[in-house]
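Please keep the sequence and the structure in view while reading.

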Amino acid sequence: MAKTATIKRDTNETKIQIAISLEGGHIALEESIFKNSANETKDDSHATQATSTQVIQVQTGIGFLDHMLHALAKHSGWSLIIECIGDIHIDDHHTAEDVGITLGLAFHKALGQVKGVKRFGCGFAPLDEALSRAVVDLSNRPYAVIELGLKREKIGDLSCEMIPHVMESFAQGAAITIHVDCIRGFNDHHRAESAFKALAVAIKEATSSNGTDDVPSTKGVLF
């Protein structure tokens, strides 16, 4: 079965739609939520990439969040389209949190029953002086421990306090357990980006085939 999903989530704070394919390839939305919208993101080229194996388009209205989710999709091997119109005139919290939750829900739906995959994944990713480690369990138990050691108040228009919260929100929606640590580094941009890339590497391993059709659990169920 194709591991794809489309999710729409509307609240009084954000309007989001996401299309995802965990195995890459072509994906598309039926209609953009930016159509005829005064909130349309004008400059989206920084988080848009199309290759023979992946389509990635991320537009949240927060540039650094787009950059991190682009990296997550690229190194996970996903095709991913994210569109969000949020109340960023208030601050970045609702948009960052809701995008994380909705991406998690889309991932969970696309993955389906956890069977025939490794379940556990571990990834390391450097970015210059920064090095991060991520460990993932497709556990159906949402839990996140994120320690990035960020010092700045913001990176671009994204509050540094929201960067681990995006990962926590993703884990909640995806119903998975993740541990992500930045082991070293002094540049907060590098620390954050290496963390998202490490998470991508761990997710790619956890969702890869284990060569069977079995449920990877002593309980016999993970869904």
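Helix packing

In this predicted model, the axes of helix 2 and helix 3 come within 6 Å and cross at roughly 30°.

Q: In which hand does helix 2 pass helix 3?
A: Two packed helices are described by the angle between their axes and the distance between the axes. For helix 2 and helix 3, the angle is roughly 30° and the axes come within 6 Å. The crossing of helix 2 over helix 3 is right-handed.

Q: Which residues of helix 3 make the contact with helix 2?
A: On the side of helix 2, the contact involves residues including Gly100, Gly104 and Phe107. On the side of helix 3, the contact is made by Met162, His165, Val166, Ser169, Phe170, Gly173 and Ala174.

Q: Are helix 3 and helix 4 roughly parallel or roughly perpendicular to each other?
A: Helix 3 spans residues 162–174, and its axis lies 11 Å from that of helix 4. The two helices pack at an angle of about 20°. Angles under 35 degrees count as roughly parallel. Helix 3 and helix 4 are therefore roughly parallel.

Q: Which residues of helix 4 make the contact with helix 3?
A: Helix 3 passes helix 4 in a right-handed crossing. Helix 3 contributes Ile163, Val166, Met167 and Phe170 to the contact. The residues of helix 4 are Ala192, Ala195, Phe196, Leu199 and Ile203.

Aromatic rings

Q: Is the pair of tryptophan 78 and phenylalanine 107 stacked or tilted?
A: The structure holds three aromatic pairs. In the pair of tryptophan 78 and phenylalanine 107, the ring centres are 5.9 Å apart and the planes stand at 45°. Planes under 30 degrees apart count as stacked and those over 60 as edge-to-face. The angle of 45° lies between these limits, so the pair is tilted.

Q: How many residues apart are tryptophan 78 and phenylalanine 107?
A: Tryptophan 78 lies in the loop between helix 1 (63–76) and strand 5 (79–86). Phenylalanine 107 belongs to helix 2 (residues 93–111). The pair thus links distant parts of the chain, and its members are separated by 29 residues.

Q: Which residues do ring pairs link into a cluster?
A: Tryptophan 78 and phenylalanine 107 are both buried. Ring pairs join these two with a further phenylalanine. The cluster consists of Trp78, Phe107 and Phe170.

Q: How many residues apart in sequence are the parts tied together by aspartate 181 and arginine 133?
A: Side chains of opposite charge can pair when their charged atoms come close. Aspartate 181 and arginine 133 meet in a salt bridge, at 3.4 Å from N to O. Because aspartate 181 lies in strand 11 (residues 177–184) and arginine 133 in strand 7 (residues 130–137), the pair ties together parts whose separation in sequence is 48 residues.

Q: Is glutamate 193 buried or exposed?
A: Glutamate 193 forms a salt bridge with lysine 197, with the closest N and O atoms 3.0 Å apart. Both residues lie in helix 4 (residues 188–206), four residues apart. The relative accessible area of glutamate 193 is 9%, and buried means under 20%. Glutamate 193 is therefore buried.

Q: Is aspartate 10 buried or exposed?
A: Aspartate 10 forms a salt bridge with lysine 15, the closest N and O atoms being 3.3 Å apart. Lysine 15 has a relative accessible area of 35% and is partly exposed. For aspartate 10 the value is 52%, and exposed means over 50%. Aspartate 10 is therefore exposed.

Terms used: Residues numbered from 1 in each chain as written. Predicted model: local features only at pLDDT ≥ 70, side-chain atom pairs only at ≥ 80, totals over all residues. Heavy atoms only, no water. Phe/Tyr/Trp six-rings, centres within 6.5 Å; stacked < 30°, edge-to-face > 60°. Buried < 20%, exposed > 50% of the residue type's maximum accessible area, 1.4 Å probe, protein only. Salt bridge = Lys/Arg side-chain N within 4 Å of Asp/Glu carboxyl O. Axes fitted to C-alpha atoms, helices over the stretch in contact; angles between N-to-C directions. Parallel < 35°, antiparallel > 145°, perpendicular 65-115°, else oblique. Left-handed = near helix turned anticlockwise from the far one by under 90°. Contact = heavy atoms within 4.5 Å.
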